[in-house]
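User: I have a structure here that I have not looked at before. Can you walk me through it?

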Amino acid sequence: MKPKVSIIGAGMTGSTSAHWIADREIADIVLVDIVEGMPQGKALDLQESMPVVGKDVTIVGTNGYEETAGSDIIIITAGLPRKPGMSRDDLLAINAKIVGEATEKTIKLSPDAIYIILTNPLDAMCSVAMEKGDLPRERVIGQAGILDSARMRAFVAMELGVSVENINCYVLGGHGDSMVPLTRHSNVAGVPLDKALPKDRLEAIVERTRKGGGEIVGLLKTGSAFYAPAAAIAQMVEAILKDKHQILPCSVLLDGEYGQKGIFFGVPARLGRKGLEKVIEYELNEEEMKAIENSAKHVAENLSKLNL
Ligand code: TXD
């Protein structure tokens, strides 16, 4: 029997995650949404594409939760996305309610599931899921850092005309405009970014990375990014289900690492079959630590508004 992954919220990111996960042939998938017929329609359409791509995966769509029973992983994307002019934080109260309910309903039917959270504001929503599901730290992981790092990698690749596979970038911190792109730890085939690019070009790439989500929202006008966030989700799912012990930038609950405690925050995290295995701590200089503290302050402020 294949592992089972349930995705709560079958909108843009949810259904695209289903697509990327199905294409990796790593799990059967359940898509849940409150919109009648929509998850069923998307699941059936995706199921009908499987013969073409040659993948044996079952995809089910539903408006209820019964079908999610016994899931290995629950992915929560349910909630509202940003509209132009909105910050991720504007979504706080409404999405906290949605994520809280989705966690309470799913944990009853899948008591051992690992939760991957996508809904914004991301770091605060991870805290909501942990609290409502009474989950241990290992089993709640937020997706943000893979996306932010991938954006930076894409921009560097475009700038240098080099394969994306040669480019390693690490963006840490909260998933917001205060995120921390670590240029000193990022490199092109081993050459540090500050040696591979002129200072002004590197600064422009850092700035574009920080505003990367807003750039897409501004273009789409009716929603936010979905291909890249969903690809990131699929990478996390594979790292967990295949017990890869892969180090990926993810939002996890800190317990003293990077000088922070009690908040979900983007850090390099080693993922395996039990979820979070270890937080990797980089040696940071004073300037980088300051940027981390500033970003952590923002996440903590958001969290305090929720009264969890
Ligand atoms: O990197 C990241 N963390 C992010 C986060 C990248 C992209 C999107 N990010 C956030 O994910 C975004 O700001 C939103 O908070 C969520 C979902 O974004 P998406 O683009 O997928 O939004 P959609 O297309 O509107 O889909 C949301 C779906 C929609 O179909 C609703 O009907 C459904 O969520 N929804 C629910 N499903 C189940 N149960 C409940 N209660 C519910 N409420 C809404």
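Predicted model: local features only at pLDDT ≥ 70, side-chain atom pairs only at ≥ 80, totals over all residues.

User: Pockets, then. How much space lies in the largest pocket?

Analyst: The largest pocket holds about 910 Å³ of space. Its lining is made of 43 residues, and those nearest the centre of the largest pocket are Thr77, Ala78, Gly79, Leu80 and Pro81.

User: Which helices supply at least two residues of that lining?

Analyst: In the largest pocket, α1 (12-24), α3 (92-109), α5 (145-160) and α8 (212-220) each supply at least two lining residues. The largest share comes from α3, with five residues.

User: And by class, what is in the lining of the largest pocket?

Analyst: There are 21 nonpolar, 15 polar and seven charged residues in the lining of the largest pocket.

User: What about the second largest pocket, how much space lies there?

Analyst: About 700 Å³. The second largest pocket is lined by 29 residues, and Ile146, Leu147, Ser149, Ala150 and Arg151 lie nearest its centre.

User: Which element gives the largest share of the lining of the second largest pocket?

Analyst: That is α5, with eight residues. Elements that each supply at least two residues to the lining of the second largest pocket include α1, α8, α9 (227-241) and β12 (246-255). By class, the lining of the second largest pocket has 21 nonpolar, four polar and four charged residues.

User: Moving on to cavities. How many of 30 Å³ or more does the structure hold?

Analyst: One. The largest cavity has a volume of about 40 Å³. Among the residues that line the largest cavity are Asp123, Asp148, Met179, Ser251 and Gly266. Two or more residues of the lining of the largest cavity come from each of α5 and β8.

User: How do the residues of that lining divide by class?

Analyst: The lining of the largest cavity divides into four nonpolar, five polar and two charged residues.

User: New topic: helix α10. What does α10 reach from its first C-alpha to its last?

Analyst: Helix α10 covers residues 286-304, 19 residues in total. From first C-alpha to last, α10 reaches 27 Å, close to the 27 Å expected at 1.5 Å a residue.

User: Which residues of α10 are buried?

Analyst: Glu288, Ile292, Ser295, Ala296, Val299, Asn302 and Leu303 are the buried residues of α10. They cover an arc of only 115 degrees around the axis, so they sit on the same side of α10.

User: What do those buried residues pack against?

Analyst: The buried residues of α10 pack against α3, α4 (122-133), β8 (171-172), β9 (180-181) and β13 (261-272).

User: And which exposed residues are on the face of α10 turned away from its buried side?

Analyst: That face of α10 carries the exposed residues Glu286, Glu287, Lys290 and Lys297.

User: Last one, Ala230. Where is Ala230 found, and does it count as buried or exposed?

Analyst: Ala230 is in helix α9. Ala230 counts as buried because its relative accessibility is 0%, and the cut-off for buried is under 20%.

User: What is Ala230 in contact with, leaving aside its neighbours within four places in sequence?

Analyst: Ala230 is in contact with Thr13, Thr16, Ser17 and Trp20. In sequence, Ala230 and Thr13 are 217 residues apart, while in space they are 5.5 Å apart, C-alpha to C-alpha.

How values were computed. Residues numbered from 1 in each chain as written. Heavy atoms only, no water. 1 Å grid on protein atoms, 1.4 Å probe; cavity = no way out; pocket = protein on both sides within 12 Å on 5 of 7 lines; lining within 4 Å. Points joined across faces, edges and corners; volume = space filled by probe spheres on them. Helix = DSSP H or I, 4+ residues; strand = E, 2+ residues; numbered from the N terminus. Nonpolar A, V, L, I, M, F, W, Y, C, P; charged D, E, K, R; others polar. Expected span 1.5 Å × (residues − 1). Buried < 20%, exposed > 50% of the residue type's maximum accessible area, 1.4 Å probe, protein only. Arc of directions from axis to C-beta. Contact = heavy atoms within 4.5 Å.
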